There are 12 protein chains.
Amino acid sequence: MSDHVYKKIELVGSSKDSIEAAIENAIKSAGSSLRNLDWFEVIDTRGHITDGKVSHYQVELKVGFRLDN
Amino acid sequence: MSDHVYKKIELVGSSKDSIEAAIENAIKSAGSSLRNLDWFEVIDTRGHITDGKVSHYQVELKVGFRLDN
Amino acid sequence: MSDHVYKKIELVGSSKDSIEAAIENAIKSAGSSLRNLDWFEVIDTRGHITDGKVSHYQVELKVGFRLDN
Amino acid sequence: MSDHVYKKIELVGSSKDSIEAAIENAIKSAGSSLRNLDWFEVIDTRGHITDGKVSHYQVELKVGFRLDN
Amino acid sequence: MSDHVYKKIELVGSSKDSIEAAIENAIKSAGSSLRNLDWFEVIDTRGHITDGKVSHYQVELKVGFRLDN
Amino acid sequence: MSDHVYKKIELVGSSKDSIEAAIENAIKSAGSSLRNLDWFEVIDTRGHITDGKVSHYQVELKVGFRLDN
Amino acid sequence: MSDHVYKKIELVGSSKDSIEAAIENAIKSAGSSLRNLDWFEVIDTRGHITDGKVSHYQVELKVGFRLDN
Amino acid sequence: MSDHVYKKIELVGSSKDSIEAAIENAIKSAGSSLRNLDWFEVIDTRGHITDGKVSHYQVELKVGFRLDN
Amino acid sequence: MSDHVYKKIELVGSSKDSIEAAIENAIKSAGSSLRNLDWFEVIDTRGHITDGKVSHYQVELKVGFRLDN
Amino acid sequence: MSDHVYKKIELVGSSKDSIEAAIENAIKSAGSSLRNLDWFEVIDTRGHITDGKVSHYQVELKVGFRLDN
Amino acid sequence: MSDHVYKKIELVGSSKDSIEAAIENAIKSAGSSLRNLDWFEVIDTRGHITDGKVSHYQVELKVGFRLDN
Amino acid sequence: MSDHVYKKIELVGSSKDSIEAAIENAIKSAGSSLRNLDWFEVIDTRGHITDGKVSHYQVELKVGFRLDN
């Protein structure tokens, strides 16, 4: 594992069901174009309200992946 | 949407079941007296422990709503 | 409740299922050696990704407990 | 000025023209229902983009006012 | 205590005597119009200087109270 | 709007005229290669000084855009 | 003093009288089981309110002590 | 540019017109007694309100300048 | 008050008695060489421990003063 | 230098030798695919421990580079 | 690796030679009483000055280790 | 040591060799005009890149020194 370099990108996933589903959606989207996804960090959790209820959870996260050398 | 003004208030919701339920409880409470609730932001997640188990999740959140001009 | 003193320790719990389960795991572990656990505060939420999916949620939390005088 | 108490509320003002105009709009709105507005603090500056241009500046600010004793 | 909702407001109390007196003044003011005050958190401590001496301590605090359901 | 995923990038725009112009320059640059720009957040405002005057405002901002699914 | 190692722990002291007394209580409690206490840092100041008055100050602090080599 | 040392000072400039003018005023004041001003960083933006309008913008900034060796 | 410029310096005052006394000591020291001291902001509160008791409170504060134009 | 736009990306470099080497490794990696690298900022320093010794330093940094107009 | 729980402690290591040596000293000290040390995070870097030179680097770090279940 | 007052100033040191050398350069510069330098705190670590390599480390630090009473 010596001297690997990782890149982190910042994504916002959303889901009308749960915080975990919003995270999973963002990671699935990232995985469609990036290989070697390794970890994520939740930066912010927010959402929209419609008719007095949560209509969407939005989770901002950083996703780290290993760069190919 | 030009030149709307929004106000944000700070609430703490609680639930013995989940983080999402604590958020929903706070928003339902706010909605009983405020119109035009628009979004929320999670500020802090904490809770109480009873007999070595989580007895309540407490989620502190800011709720934004549009002021009537 | 006057003049009690509390100590806070920092734990990282993990779970492949949910953020709440990671919190519960950390608290269960702390409860096996410490009495008087009183509250927790979530400090950080992160996790690992395997094959483009969340393999583990990791929740860093502080746990407060009352010191026996 | 001894022993006055102030309250702070959190507002988001918007304007399509400038950051200053967004601040002024929020304060004008607050002034229509609150007396004794005394100072403001900018908390966050953001905005929306339409067709590759800023369509609105949004400035989140705290506004402090003196409570009548 | 299950599922209570709390609101937090932000106040600035002042006193020429001490930090504690500034806190007490802000809470006394809040208590004249709000029931169920439950806790406070100090956010910022500052003050004014006149003739090279502290003329007033100003303490910014958040005050939490339970909403009646 | 359900389940959209957004990406955020970090840019620094500069202008010798104003903070707003520095923001606009960064967004115009981003718009030349990215579609669906949606919002921006100001992270930092700084600048250079030449001969005792502001020669350039530099505004660091995050720009969010919707990923095509 | 070369190459000493210190450990920091996190305590919450409380007192119905003052912030300083809450700090002193926490340190006295730590001193009953730990030697070589060296310094403290205040992390957070909060408290409970009963009948519209401060019933307890709670001060969260870190306490550093030298480890015996 | 090797091994230069810079000092940073903290100033608050004010202007009744705009944020940029408050920055310029602070830098002009610093330039009257300091040479080699090089850059500034905005730390905080606030202001006073008179009769429901912004009477002054106040911008807190750090100003960096090269020390003569 | 239009267009005044203020400078802020950072001091650490200490006292074996109280937090307020540490603040006063720092301000008294600043006042011996600087005119027009206007306000202070507490940045950090810490202290030393001797024989299991607080031997000194140390308060780090910023002190603002008006520059003569 | 007027009106240039810069982009910042976030990298994690690692090295078993030193913090500086971890920084250099990340920058060398970025330089293989990006032109006009201009500056870096260290965001976080951490590492792994194997057999009670540092096995790798990991330095998270932001790297800024000028966009070609 | 499923459902492991980790604890983090806070240490301050010092060295008259370098930042890396201060880190190594803290970890070596922790390793003498704790098994399963896994990672560290640098929280703060400071030091003492004697006769106008750095006499000691002090690095505050968090050290994480796996709890035995 | 009772009731001493300290002042803190903010410096940026640079070096093409290492983080420690950048710190030492800033302290050496401060020591040429100030007596009683006592401690430093690293605030930020950054640097410039030339031809894909670190050309200079820049370390921002606060330096504390005792004021003569």
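Contact here means heavy atoms within 4.5 Å. By that rule, chain B and chain L do not touch, and their nearest C-alpha atoms are 26 Å apart. Please keep in mind that this is a predicted model. The predictor assigns the complex an ipTM of 0.94 and a pTM of 0.95. Below is a friendly tour, topic by topic.

**Confidence**
- Chain A has an average pLDDT of 94, and 96% of its residues score at least 70.

- Chain A and chain L have no contact between them; 15 Å separates their closest C-alpha atoms.
- For chain B and chain L, which also do not touch, the corresponding C-alpha separation is 26 Å.

**How chain K relates to chain L**
- In general, a rotation about an axis and a shift along it relate two copies of a chain.
- The copies use different surfaces, since 14% of the contact residues of chain K recur in chain L.

**The interface of chain C and chain B**
- Chain C brings 13 residues to the contact, and chain B brings 14 residues.
- About 1,100 Å² is buried between chain C and chain B, with carbon and sulfur atoms giving 60% of that area.
- Three residues, E20(C), E24(C) and F40(C), supply 45% of the area that chain C buries against chain B, more than any other three residues.
- On the side of chain C that touches chain B, helix 1 (19–31) and strand 2 (37–50) each supply at least two residues.
- Between chain C and chain B the count of salt bridges is 0.
- Polar contacts do occur across the interface of chain C and chain B: 4 residue pairs are found, with both residues at pLDDT 80 or more.

**A closer look at S33(F)**
- S33(F) sits in the loop that runs between helix 1 (19–31) and strand 2 (37–50) of chain F.
- Its relative accessibility is 61%, so S33(F) counts as exposed, the cut-off for exposed being over 50%.
- Although S33(F) and R46(F) are 13 residues apart along the chain, 26 Å separates their C-alpha atoms.

Definitions and conventions. Residues numbered from 1 in each chain as written. Chains lettered and ligands numbered in written order. Predicted model: local features only at pLDDT ≥ 70, side-chain atom pairs only at ≥ 80, totals over all residues. Heavy atoms only, no water. Helix = DSSP H or I, 4+ residues; strand = E, 2+ residues; numbered from the N terminus. Buried < 20%, exposed > 50% of the residue type's maximum accessible area, 1.4 Å probe, protein only. pLDDT = per-residue confidence, 0-100. Buried area = accessible area lost by both parts, 1.4 Å probe. Salt bridge = Lys/Arg side-chain N within 4 Å of Asp/Glu carboxyl O. Polar contact = N/O pair within 3.5 Å; in protein donor to acceptor, adjacent residues only side chain to side chain.
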